[in-house]
Amino acid sequence: MDSKRMRRAMAGMIVVFLAVFAVIAIVNLDTVKRKLGFAPEEPVQEEEPVQEETETEDGQIGSDLSAFLRDETFFDPEVKFKSIESYSGRNVSLMMSSVAKDLRIMVVDSVGRLVTGADFTVTIQDMGEYTDSDKDGVIYVDGLRSGEYSVSLNEKEGFRVPNTITTIQVRQDIEYRVLDNIEYLMVTEDDIDPEKEDKAVNGAEEDADGTENMELQFDNGSAKLGIDVSKWNQEINWEAVKDAGVEFAIIRCGYRGATTGALVIDPRYKENIEGAISAGIPVGVYFFTQAVDEIEAVEEASMVIRLIEDYDVDYPVFLDSESAGGKGRADGLDSEERTKAHRAFLQTMEAAGYETGVYASRNWLRDRIDMTKLSDYRIWLAEYADVPTYDDYYYHMWQYTSKGTVDGISTNVDLNLCYMNIDTSINHAKSAAGYSGVVNGDTGNVPVE
């Protein structure tokens, strides 16, 4: 190509480029003017105010029927409850336990307390519905076959009910071990009527012959002098008790209610056991029973274990076997039934590594319990006489009066002599190791005068 033709081609391309540039500039003339400073900035246009949506006659608000689909908070990604919480609604859940062929279902709130005053209903799979008709927060089902059971809590107005199914294994035979959820059955005297529930009657006082010694006895050889106390002894100055020569204390930790069967903590238990230990007085505990069968006896032992597991307990754990005035829920048991229940308590305590035994009056031991089946355990005899006449079996402690006086205690107090060889350091080690059996191989002694 000659130079003349090349110059023409170049000139044509330049013309086309300029023409295109001119067209673009004309189309965007206003923008170009603003960029070059020949035109004022375009004012920002304010958004139109949102018109308030009005409600139609059929209750619809607004005209966009699909607006909820764009609302991320409209749908709950995880449904946790069966029903919507009412204004006064409370979160509730199920706790369950089983001893043998039974199922105890407890409705508890978010802080672990039984929810009373409402007739909750549960559904047990393949069995049907069961209602808490007495509104005590507990539904008890017995006579079950062993196996796994699935339980759900039905909806209840005013409560947030979990949309879950809880399963539990029901055993065929009793295992003498601490119940996992026993804390949910334990109550204080604020929850019950103590006048109707705390009804132990001292059988030894009824059998007393008027010869009892009410003084502190320090001259019985190797025997140790001790006291047993409960809420009835009011506030105690334990340092003064120690200075008075008291060598041990058996403290009531609780009782089962004589009317309702509630498991009640003695209101002075904590201050008594901590006060005695702080003063350097070795301790044991006792529990007043109203168990009507083995299952309830395991519950009672489980409660005691929970109450004492944080303390050094040197002396045995005793089951207080007495009447509740003739109208107690366990007063009508015959000797065989009562002995069977007592043995369940003792075996549960023993399996947990604690020394254990039975407290009872002379006539109660003879007539209301079959001691041939409990002879492996400690016996704490209550007989108010100058010389005890009970000689059926060895006894390891003797409560010789309920009318003693001790510095630091404003009321009369029970006085006891212990004939066991208690080595506290060995007892602690064996208890911590899960040991069950007698301390130091000791089998007890009848007092020798």
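Student: How many aromatic pairs does the count come to by the rule for rings?

Tutor: This is a predicted model, in which local features need pLDDT of at least 70, side-chain atom pairs count only at pLDDT 80 or more, and totals for chains, interfaces and linings use all residues. Residues are numbered from 1 along each chain as its sequence is written, and side-chain values use heavy atoms, with hydrogens and water left out. Rings of Phe, Tyr and Trp (its six-membered ring) pair if their centres lie within 6.5 Å; planes under 30 degrees apart are stacked, over 60 edge-to-face, and the rest tilted. By this rule, the number of aromatic pairs is eight.

Student: Why is the pair of phenylalanine 248 and tyrosine 315 classed as it is?

Tutor: The ring centres of phenylalanine 248 and tyrosine 315 are 4.6 Å apart. Their planes stand at 15°, so the pair is stacked.

Student: Which parts of the chain does that pair link?

Tutor: Elements here are DSSP runs numbered from the N terminus, with helices (H or I) of at least four residues and strands (E) of at least two. The two residues are 67 residues apart and link distant parts of the chain. Phenylalanine 248 belongs to strand β11 (residues 248-256), and tyrosine 315 to the loop between α7 and β14 (317-320).

Student: Is phenylalanine 248 buried or exposed?

Tutor: The terms rest on relative accessible area: under 20% is buried, over 50% exposed, and in between partly exposed (1.4 Å probe, protein chains only). Phenylalanine 248 has 0% relative accessibility, so it counts as buried.

Student: What kind of aromatic pair do tyrosine 359 and tryptophan 380 form?

Tutor: Tyrosine 359 is in strand β15 (residues 356-361) and tryptophan 380 in strand β16 (residues 378-382), 21 residues apart. Tyrosine 359 is buried at 6% relative accessibility, and tryptophan 380 is buried at 1%. With 4.6 Å from centre to centre and 70° between the planes, the pair is edge-to-face.

Student: Which residues do ring pairs link into a cluster?

Tutor: Tyrosine 359 and tryptophan 380 are both members. The cluster linked by ring pairs consists of Tyr286, Phe318, Tyr359 and Trp380.

Student: At what angle do helix α7 and helix α8 pack?

Tutor: Axes are lines fitted to C-alpha atoms, for helices over the stretch in contact, and angles run from 0 to 180 degrees between N-to-C directions. Helix α7 covers residues 294-308 and helix α8 residues 335-351, and their axes are 8 Å apart. The angle is about 35°.

Student: Which residues of α8 does α7 meet?

Tutor: Contact means heavy atoms within 4.5 Å. From α7, the residues taking part are Glu294, Ala297, Val298, Glu300, Ala301, Val304, Ile305 and Ile308. Their partners in α8 are Lys340, Ala341, Ala344, Phe345, Thr348 and Met349.

Student: What is the phi of aspartate 126?

Tutor: Most residues other than glycine have a negative phi. Aspartate 126 lies in the loop between β3 (121-124) and β4 (128-131), and at 77% relative accessibility it counts as exposed. Although aspartate 126 is not a glycine, its phi is positive, at about 70°.

Student: With which residues is tyrosine 184 in contact, leaving aside its neighbours within four places in sequence?

Tutor: Tyrosine 184 is placed in the loop between β8 (166-170) and β9 (186-187). At 22% relative accessibility, tyrosine 184 is partly exposed. Apart from those neighbours, its contacts are Met95, Met106, Val108, Gly112 and Leu114.
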